[in-house]
Amino acid sequence: MSGHATRRKRLATVWLAGCSGCHMSFLDLDSWLIELAQQADVVYSPIGSDQKEFPSDVDIVLVEGGVANTDNLELLMQVRSNSKVLVSFGDCAITANIPGMRNMLQGSDPVLRRAYLELADGSAQLPDAPGIVPDLLDQVLPVHALVPVDVYLPGCPPSAARIRAVLEPLLNDQQPQLRGSDQIRFG
Amino acid sequence: MSICTLRIDERDVAVAAGSTLLEAIRSAGSSVPTLCHLDGLSPVAACRLCMVELHGSARPVAACVTTVQEGMQVHTATPRLEEMRRTLIEMLFTEGNHVCAICVANGNCELQNLAVRVGMDHSRLPYRFPQRNQDLSHKRFGLDHNRCILCTRCVRVCDEVEGAHVWDVGWRGEHCQIIAGLAEPWGAVDACTSCGKCVEVCPTGALFHKGDSSEEKQGHPERLQALIEARQHQRWQP
């Protein structure tokens, strides 16, 4: 490891089915973001990079959100195969949380019908644009239900302090140890 | 009063014969997590979180319903018990629909607190996302079955303390749920005195005041203890 320890980390953040609140909380790291930028390159992120394709050789990736549609699933598979440490970032990624509430309707079809037909005001039609609008999966799933996860960072959203408690050890090739109400409480 | 002596986590403890193991554990200064238990209500061992290991017994026992015996050797926090407790909490989270972020009890929830205590940063069990409903027929209170863990505190407090016996557990297996009257809308059950004791002892956001928004529900189990104390000793002024 010593040969790699000094190499700048390649950091990515990904936004699946979530409200982006976890990313907003990431921005709450404020001045520590400057320290972070000295130790890592942000190679893919909706808030820190204009890169459109998920790159290879990513050291640390924060994945926000549940997995709700075919785009989320495809990106997640790419993220997992291109990244060393995958952090399940926030309650939606860990529990499906609010996006997962649609699972209680038992399937994507009842959800689409409710939203686009029953509640429509005059222009009722189901979305149908193959290749443009991704299909909903039958259930919104937590990230670890689909790919192995290395670190769990709960919270809705996790506070900036929690995010830092995960990133600091990872930047030094150490496994974060979160415990106690300040670090692992859901919600 | 006869006394029982036992050993809890390598410490000698003497308690009154007939005490429960949970009482003995607490008097020894140890602590086991509890959820369905509430001082003042009869114990039912529904949640199984207070399970402890007894020397010479392969099966763990629920401390809240086990009577102390002379010479018992009790372990309250072995790795096996810690693992079982975390799994139990994961089962409670995955069995219902617990969305902490938008819950009335967020920040004041005993289930949420216990998840922290057992170190649950994710569930290793798959979420079931069951289809459950709410009962908002009562004029002041609501019941959201999604958040109910069937601890039966509401059933017991209504029966044993209020004497109204509005609540019961209906159906079987995964369809088990708390029912009002004979599975009627809560608001249609005449026996309900609208005292709110069930809401005050509910450990999650399942029972709530209708005005409560997210994070606004505060449980008040201490009011129950004050009432029981007052009734027992006829002392109504604090």
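This is a predicted model: local features need pLDDT of at least 70, side-chain atom pairs count only at pLDDT 80 or more; totals for chains, interfaces and linings use all residues.
Chain B has another antiparallel pair worth a look. Strand E8 (residues 167-170) and strand E9 (residues 177-180) of chain B are joined by four bridges. Here B:Asp168 stands opposite B:Ile179 in E9(B). The hairpin of E8(B) and E9(B) has six residues between the strands, and B:Trp171 in this hairpin takes a positive phi near 65 degrees.

Now hop over to chain A. Its open sheet has five strands, ordered E2-E1-E3-E5-E7, and this time the pairing is parallel. Which strands are the edge strands? They are strand E2 (40-44) and strand E7 (151-153) of chain A, each with pairing on one side only. On average, neighbouring strands of this sheet are turned by 25 degrees against each other, if you ignore direction.

Here are the strand pairs described so far, side by side.

| Strand pair | Bridges | Direction |
|---|---|---|
| E8(B) and E9(B) | four | antiparallel |
| E5(A) and E7(A) | three | parallel |

In that last pair, strand E5 covers residues 83-89 of chain A, and A:Val87 stands opposite A:Val151 in E7(A).

Helices lie against the sheet of chain A too. Helix H7 (residues 160-171) of chain A packs on the sheet and touches E1, E2, E3, E5 and E7 of chain A. The direction of H7 makes about 160 degrees with that of E7(A). Helix H4 (residues 70-82) of chain A lies across strand E1 (9-15), strand E3 (58-64) and E5 of chain A, and runs at about 130 degrees to E5(A).

Zoom out, and chain A comes to eight helices and seven strands. How compact is chain A? Its radius of gyration is 18 Å, close to the 16 Å that the globule rule gives for 187 residues, so chain A is as compact as a globular protein of that length. Along the principal axes, its C-alpha atoms fill a box of roughly 60 × 35 × 30 Å. Of the 187 residues, 38% count as buried. Among contacts in chain A with a separation of 6 or more, 78% come from residues 24 or more positions apart.

Back in chain B, you'll find two domains: domain 1 (3-77) and domain 2 (84-233). Their centres, taken over C-alpha atoms, are 25 Å apart. Across the boundary, 14 residues of domain 1 of chain B are in contact with 19 residues of domain 2. The domain 1 side of this contact has ten nonpolar, two polar and two charged residues.

Finally, the two chains meet.

Notes: Residues are numbered from 1 along each chain as its sequence is written. Chains are lettered from A and ligands numbered from 1 in the order in which they are written. Two strands pair if DSSP finds at least two bridges between them. Helices (H or I, at least four residues) and strands (E, at least two) are DSSP runs, numbered from the N terminus. Axes are lines fitted to C-alpha atoms, for helices over the stretch in contact, and angles run from 0 to 180 degrees between N-to-C directions. Two residues are in contact if their C-beta atoms, placed from the backbone, lie within 7 Å. Domain bounds come from an automatic or database domain assignment. Ala, Val, Leu, Ile, Met, Phe, Trp, Tyr, Cys and Pro count as nonpolar, Asp, Glu, Lys and Arg as charged, and the others, Gly among them, as polar. The radius of gyration is taken over C-alpha atoms; the globule rule is 2.2 Å times the number of residues to the power 0.38. A residue is buried if 20 or more other C-beta atoms lie within 10 Å of its own, exposed if 12 or fewer, and partly exposed in between; C-beta atoms are placed from the backbone.
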